[in-house]
Amino acid sequence: MTLNELSSHLSQEFQKVYGRPPAWIAAAPGRVNVIGEHTDYNEGFVFPMAIERYTLMAAAPATGTQVRIRDVQGTHTATIDLSQPLKPAPKGSWHNYPMGVLAGFQALGLSLPGFDAMLHSTVPIGGGLSSSAALEVATATLLELITGRKLDPVEKALLCQKAEHDYAGMPCGIMDQFISVMGRKDHILLLDCRSRETQLVPMSDSSVALLVTNTNVKHELTGGEYAQRRAQCEEAARILGIPSLRHATAETVNGAMPKMSDVVYRRARHIVSEIERTVHAAEGVRASNWPTVGQLMYASHASLKDDYEVSCPELDAVVDIALNIGLKGGVYGCRMTGGGFGGCTVALVDSSRVQAISEQIATAYEKKTGIKPTLFESRPAAGASVIKG
Ligand code: GLA
């Protein structure tokens, strides 16, 4: 469904449930990271694009101090009382994301009125495509409309990241919220997570496409792994005597190898090599050098699998299948995308062969794992937008 179709569906449902039309509608996209994984919290480079999958939030004013939020299906509902100080709900509660953003607006000194809200999302939940950032950024965009206070894009992304840290308890980097705010149609965003400078790299060559494969697995056992990786990177930086691994090189990391445990050494090696690959991949996209970009994607995956250890058999299975199809079959490269331990891969493919490649991947993946994957292609999409308000 297009953004307009999603929005009219949401308006109709809103009217049915709340008995009046929404006054405001905002949308924010999910993302796929082309390359630059786990580099954001090391002040490195990332290279994500927004996808044509969105979270929409519709709202209308209400009397009183309550915010009522629900999804279109009515499976998730929450009431937040603004007359009480906001505090996080138990870990795992979905409304921690919007609540964290409400708290962020309050922290700006803005007084929020009560309102009724409804959300609709086509970003797969827990699929590594930043469904949480899309929800935060959609909420922030809605609150900009409700309060009349337009935030600077960086301030907005950081407010949403803080919501995720403080309310969802996930110590994420800045990539997901930045791309959901700043994505641009037909562009990939090269973000320097140290200076926060951004460059929009055009991706308008229609001879290639980005194909996302959702493995449809999420290894929940690994909840603490992300924070552990962050801590290991911080330890490596401490040993090297630098503020972050952005300041390291392959030589300095190798030189410090005797002072590091094997695990910490390999974590640092991934970060340093991934930052380099990301910069090269952005140059490759600029030059439409697809074979080079593809090779960098495969190398990224190998490093995430072996050195950073955030892949899983299902992600590896998709990458192996892609490698088997190979350049001859129209696949330039493939890698896991997002935090890891399940979720999605992203492949760079010949656009005239998307259909055949999708079928090959789906069949081989199901044969290998017994799980049906979900595949879709997406052009780089625009960031958060106002649909009504
Ligand atoms: C998650 C986090 C991001 C980033 C990626 C890994 O998506 O939210 O900040 O660290 O993992 O690249």
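**Close-up views of a two-domain chain**

**View 1. The salt bridge of Asp192 and Arg246.** Asp192 forms a salt bridge with Arg246, and their closest N and O atoms are 2.8 Å apart. Here a salt bridge is a side-chain nitrogen of Lys or Arg within 4 Å of a carboxyl oxygen of Asp or Glu. Two salt bridges are counted between domain 1 and domain 2. Please keep in mind that this is a predicted model: local features need pLDDT of at least 70, side-chain atom pairs count only at pLDDT 80 or more, and totals for chains, interfaces and linings use all residues. Residues are numbered from 1 along each chain as its sequence is written, and side-chain values use heavy atoms, with hydrogens and water left out.

View 2. The domain assignment, automatic or from a database, gives domain 1 as 3-202 + 381-388 and domain 2 as 208-378. Contact (heavy atoms within 4.5 Å) links 37 residues of domain 1 with 41 residues of domain 2. Together the domains bury about 3,200 Å², 63% of it on carbon and sulfur atoms; buried area is the accessible area (1.4 Å probe) that two parts lose on being put together, summed over both. Ile35, Glu37 and His38 supply 20% of the area that domain 1 buries against domain 2, more than any other three residues.

**View 3. The hairpin of β9 and β10.** Strands (DSSP runs of E, at least two residues, numbered from the N terminus) β9 and β10 form a hairpin with four residues between them. In the turn, Gly338 has a positive phi of about 95 degrees. The two strands pair (at least two DSSP bridges) in the antiparallel sense over six bridges, and Thr337 stands opposite Cys344 in β10.
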